[in-house]
Every structure is written in C-alpha cells, then in structure tokens.
Amino acid sequence: MNTSHEPVPHVVVVGGGISGLTTAWHLARAGTTPVKVTVLESADRLGGKIDTIRIAGVPVDTGPDAFLSRAPALGTLIDDLGLRSLVVNPTASGAHVYSRGKLRALPPGAAFGVPERLLPLLRSGLLSPLGLARAGLDLVLPARVIPADPSVADLTATRFGKQCFERLIAPLLGGVHAGDARTLSANATVPEIAALARANRSLYLGLRAKRRTAARSVTPAGPRTRTGIPVSPLVTIDGGLTGLVTALVDALESRVSVRTGATVATIAPDGQRWRLTLTDGHVVHADAIVLAVPAYVAATLLTALSPVASETLERIGYADVASVTLAFPAGAMDLLAGTGYLLPASEHTLLVGVTWTSQKWAHAAGDSIIVRCLVGRAGDSRWRELGDDALVSAVVDELAHQHGRPVGAPCEAVVTRWVGGMPQYNVGHHDKLETLTDELAALPGLHLTGAAYRGVGLAGCVADAATTATAVLAGLHTPLSVKAGASG
Ligand SMILES: Cc1cc2nc3c(=O)[nH]c(=O)nc-3n(C[C@H](O)[C@H](O)[C@H](O)COP(=O)(O)OP(=O)(O)OC[C@H]3O[C@@H](n4cnc5c(N)ncnc54)[C@H](O)[C@@H]3O)c2cc1C
C-alpha cells in the first residue's frame with residue numbers, strides 16, 4: 001500500500017502479447033512499489049502471436065503450439081496462474097525431415113540439429129555414406145579459430161560438412177526460427193553450442209561429454225503432468241495456448257487496466273513524464289513505458305527520440321510466415337508415427353514445417369485429421385504472392401507429394417498470416433542489443449521487451465518480461481531528462 005501522499009507512478013505497457021501481459025503481471029504484483037499499470041493493445045484481442053482457433057470442432061494453435069517445459073520463468077508463471085494441472089505432453093514423439101523425396105526419421109540425440117550420436121544418424125538415411133564420413137571428420141579435425149560472432153553455419157558446417165548442415169542442422173533451426181542458418185548468429189540463437197564449440201576441439205565430443213555429465217548429475221525430479229508422468233521437453237496447455245493468455249488476463253483483472261483496439265502512434269517527453277498519443281487522438285501520460293511490440297514498431301515509435309536506437313531496431317530482421325491449418329476427413333492421409341516434419345530450404349518447397357496436430361495433441365484429436373502447415377522463412381516470402389485459396393491449394397499439392405499419395409480436398413482450411421512474424425537474431429545481434437542498452441540509458445523510463453531481443457520463444461519472452469518489470473520498478477524514480485530536440 002502506498003502510505004505516502006506521492007502519486008502512484010503510472011506504467012504503460014504497449015503490446016498485449018505474452019511479453020506485454022507478463023510484464024504487466026509482474027508490475028502489478030510488485031508489493032514493495034505500488035504502480036498503476038495500463039496495457040494498450042492495438043488488435044481487438046490479446047495474446048499477439050498466441051492464437052487458438054477452432055477447426056473441425058477442435059482447438060488448434062495457429063501461432064506457437066508448445067513451450068519448453070524446463071524454462072524456469074515460464075514454469076513459475078504457470079504455477080502462479082494455477083495452470084500446472086493443465087500442462088499436457090504431446091501424444092506422439094519423434095519427428096521427420098523431408099529429404100530427397102522421402103520422409104526420414106530425425107535421429108534422436110540431435111541438439112538443435114547438431115548430431116550428438118552418429119549411429120542414429122547413420123540409420124536415419126538422412127546423409128549419404130560420404131556425408132556421414134564427412135560429419136565424422138569433426139572427431140579428428142584440428143581446432144579452428146572461431147570468429148567472435150560466428151553464424152550457425154560458420155560454427156557447424158565447418159565441423160560436420162555441407163551435407164549434415166543442409167539436411168539436418170539448417171532445417172531444424174529453420175523450424176524454430178524460420179531463419180537462415182548461414183546468417184543466424186550462433187551466439188544469439190544457440191549459445192550453448194557456441195560455448196561448447198569454443199571449449200572443445202571436437203563439437204561432437206563436447207556434446208557427448210555434456211550429455212554424460214547431465215545424465216550423471218543428480219537432477220531433482222523434473223516437472224510432472226497431472227497424471228504424474230514426467231513432462232516432455234515441449235508441452236502445451238490442454239485446450240491450446242490461449243488458455244495461458246486467458247489465465248493471465250483473468251489474473252490482471254482489477255489490478256491492471258487493459259485496453260484493446262488502442263494503437264500507440266507516438267511517444268514524446270512531456271515535462272517529467274511521457275506522453276503517448278493513440279491513433280484515435282487519445283493521450284495517455286506515463287512515468288514509464290514498456291514497448292512490448294515487434295522491433296519494427298518500436299523503431300517507428302523511437303524515430304524522433306533516438307534515431308540511433310530506431311535505426312538499430314529497424315535492422316533486426318523479420319521473416320514473414322503463415323500457418324495454413326487444414327482439416328481432412330479421417331483416412332485422407334497416412335501419417336507416420338511422430339509429431340510432423342521439417343523441410344530444408346534446399347527442397348525449395350513453400351512448406352517449412354508440418355505438424356500432424358491431431359496426432360500431436362489430445363485436445364485436437366477428433367473425427368478429422370488436422371495438419372498445421374508453416375510456410376515462409378527468411379529470404380523466402382513466396383507465399384505472400386498467393387491469395388488464401390491459392391495458398392491452400394499449393395500447400396495441399398505439396399502435402400500429397402510429400403506423403404506419397406493424393407490427399408483430396410480439406411473439409412476446412414484456415415490461413416493465418418504473420419507478416420513480420422519471426423524475428424531473426426542474425427550475426428551482430430548482440431552488438432545491436434548493446435547499442436540499444438546505451439541509447440535507452442538516455443531515455444529514463446523507456447524499456448524494450450519481447451521476442452525481438454533475448455529469446456524468440458515463449459520461454460524467452462516470459463523470462464525477459466520478468467527482468468524488464470524489475471528494471472522498470474528500479475528506474476521509476478530516475479528523473480526524465482531527454483535531450484533537447486527529441487520531443488517528436
Ligand atoms: C507461426 C509461429 C509459430 C511459433 N511457434 C512457437 C512455439 O511453438 N513455441 C514458442 O515458444 N514460440 C513460438 N513462436 C514464437 C512466439 O509465438 C513469439 O515469440 C511470442 O508469442 C512473441 O510474443 P510477444 O509478446 O513478444 O510479441 P507479439 O505476440 O507479437 O505481441 C506484440 C503485440 O503488440 C501489439 N502491437 C503492435 N503495435 C502496436 C502499437 N503501435 N500499439 C499497441 N499495440 C501494438 C500487437 O498487436 C501484438 O499483440 C512462434 C511464432 C510464430 C509466428
């Protein structure tokens with residue numbers, strides 16, 4: 001309770017995706033520093049990329065459909081929201097890669113595509129004998145000098161060869177980041193692998209040693225589902241991830257003012273406070289602002305305040321992606337065991353990843369086969385030239401080809417377009433973050449959080465939101481002294 005007569009500081013969070021909502025949740029719970037919190041979201045719904053639709057009578061996530069079960073900050077949020085009993089494992093395991101005309105089982109023990117075991121890789125048939133032999137050379141090659149900020153390709157193709165890189169490593173990273181492993185920064189996207197590569201002559205041996213230590217160390221019992229079964233590495237919320245958003249919004253109610261249909265157009269200093277102007281002309285004053293929007297939106301909002309920050313934000317690239325969710329009558333397709341498959345860029349398909357959703361999640365299992373198809377990746381936005389019907393038809397053709405038989409027409413189809421949907425942590429990403437930190441130091445009370453910075457997935461977003469809320473509270477009493485000329 002605020003017993004002094006000082007006005008309660010007002011924090012405005014711009015963006016009502018998981019990052020903005022989680023930041024608001026932490027701010028509202030901070031008992032020691034009471035703050036008034038407002039969330040402004042431009043869309044008419046909350047959740048941002050989290051979007052559970054109904055198709056053929058079952059819930060299906062068109063954006064993220066799973067999260068890392070061992071992510072501490074997300075685990076704490078799940079517990080605080082009372083959602084632990086709704087965390088569910090996939091009902092299938094294993095995935096495939098479509099390569100050279102065939103779906104091939106992804107070998108187990110491939111951390112981010114980097115092989116940890118050569119035998120399963122041999123059995124998978126993903127690599128030719130020559131490609132496998134080249135991958136094995138990592139064991140005997142001398143140590144290489146690793147650049148300060150290598151791309152994933154710099155780090156892995158040099159150790160395991162072009163074939164292993166193109167057929168295994170690139171598609172797996174493509175699936176997670178919709179990115180190009182030749183430009184993605186290893187330090188920013190796979191920091192654990194980058195650290196191992198620096199510490200070991202052979203990356204393969206380094207990974208094996210790490211796995212052995214992890215297996216030997218006495219880890220406390222991992223999280224469990226409500227049935228007591230150990231939780232898989234990737235899990236979801238029963239009924240879809242909108243359940244997480246709904247629980248967050250319910251928890252915010254009465255503590256936080258949440259407005260949808262509220263697009264922030266400009267921010268500017270106004271005396272000792274910040275002034276936010278909405279596109280409908282409304283003005284809101286704040287003592288601190290958290291921009292939980294994509295980097296290109298933050299770039300626009302900061303143009304006048306910090307041209308350097310704005311230009312740096314603009315340089316954080318994004319891939320355009322879309323999900324095409326299809327419902328087929330039972331029997332229309334023969335699905336292999338597993339959750340779906342990934343497609344390397346070298347296949348030149350529109351499809352980047354396919355999830356056999358009705359086989360992956362119990363809540364999506366009904367009378368129909370539900371397939372969620374992801375199209376688009378860094379450098380490939382061909383799908384944007386197609387209208388919805390043409391896109392569905394192109395995807396259905398590719399599915400038939402990859403499943404080796406005609407699949408017929410879907411009984412329902414939903415296209416969800418995420419233009420500028422996937423931030424790319426390219427080489428130089430950490431330098432950009434440093435520049436942003438320096439620039440924001442001159443703008444007290446302004447904070448950036450979200451998928452563009454320190455973690456592209458839900459786990460990273462939730463962790464960064466918690467850190468951001470702490471920084472907001474710590475900085476609330478720093479006087480606002482924005483350089484002259486930045487009054488946009
Ligand atoms: C197809 C797809 C699949 C994915 N799969 C997974 C997965 O399985 N697991 C995983 O962990 N992650 C996955 N991700 C990544 C994950 O979904 C995102 O990283 C995360 O949801 C981003 O949350 P955010 O709050 O940072 O941003 P967003 O969700 O983009 O939220 C930003 C919000 O800001 C709002 N906004 C924008 N401009 C303004 C403005 N001027 N004023 C007010 N509001 C504004 C937007 O409307 C939006 O609601 C996936 C992403 C996509 C696109």
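Which residues of H1 meet which residues of H10? In the predicted model described here, local features need pLDDT of at least 70 and side-chain atom pairs count only at pLDDT 80 or more, whereas totals for chains, interfaces and linings use all residues. Residues are numbered from 1 along each chain as its sequence is written. Helices (H or I, at least four residues) and strands (E, at least two) are DSSP runs, numbered from the N terminus.

On the H1 side, Leu-21, Thr-22, Ala-24, Trp-25 and Ala-28 meet Val-245, Leu-248, Val-249, Ala-251 and Leu-252 of H10, where two residues are in contact if their C-beta atoms, placed from the backbone, lie within 7 Å. This contact of H1 with H10 comprises nine nonpolar, one polar and no charged residues; Ala, Val, Leu, Ile, Met, Phe, Trp, Tyr, Cys and Pro count as nonpolar, Asp, Glu, Lys and Arg as charged, and the others, Gly among them, as polar. The axes of H1 and helix H10 (residues 242-252) come within 10 Å and cross at roughly 30°, with axes taken as lines fitted to C-alpha atoms, for helices over the stretch in contact, and with angles running from 0 to 180 degrees between N-to-C directions. H1 and H10 are therefore roughly parallel to each other, given that angles under 35 degrees count as roughly parallel, over 145 as roughly antiparallel, 65 to 115 as roughly perpendicular and the rest as oblique. The crossing of H1 and H10 is left-handed, a term that applies if the near helix is turned anticlockwise from the far one by less than a right angle, the clockwise case being right-handed.

Two further helix pairs were examined. The axes of helix H5 (residues 152-160) and helix H6 (residues 162-177) come within 8 Å and cross at roughly 140°, and H5 and H6 are therefore oblique to each other. The crossing in which H5 passes H6 is right-handed. From H5, the residues Val-152, Ala-153, Thr-156, Ala-157 and Phe-160 meet Lys-162, Cys-164, Phe-165, Ile-169 and Leu-173 in H6, and by class the contact of H5 with H6 divides into eight nonpolar residues, one polar and one charged. For helix H2 (residues 72-80) and H16, the axes come within 7 Å and cross at roughly 80°, which makes H2 roughly perpendicular to H16. Ala-73, Leu-74 and Leu-77 of H2 make this contact with Leu-458, Ala-459, Val-462, Ala-463 and Ala-466 of H16; its residues divide into eight nonpolar, no polar and no charged.

Of the 38 residues around the ligand, Gly-15, Gly-17, Gly-48, Pro-64 and Gly-457 come nearest, a residue being near a molecule or strand if its C-beta atom, placed from the backbone, lies within 6 Å of it. The elements that give two or more residues to this shell are helix H1 (18-29), strand S17 (318-329), strand S21 (412-423) and helix H16 (458-474). By class, the shell around the ligand divides into 22 nonpolar, 13 polar and three charged residues.

The strand arrangements were treated next. Strands of a sheet pair through backbone hydrogen bonds, either parallel or antiparallel; here two strands pair if DSSP finds at least two bridges between them. S13 and strand S14 (residues 273-278) pair in the antiparallel sense over six bridges, and Val-264 has Leu-278 as its bridge partner in S14.

A further open sheet of three strands has the order S5-S11-S6, again with antiparallel pairing, and strand S5 (67-68) and strand S6 (87-88) are its edge strands. S5 and strand S11 (residues 234-237) run antiparallel and are joined by two bridges, with Leu-234 in S11 as the bridge partner of Leu-68. Strand S3 (residues 52-55) and strand S4 (residues 58-61) also run antiparallel, joined by four bridges, and Asp-61 in S4 is the bridge partner of Thr-52. The hairpin of S3 and S4 has two residues between the strands, and in this hairpin Ala-56 takes a positive phi near 50°.
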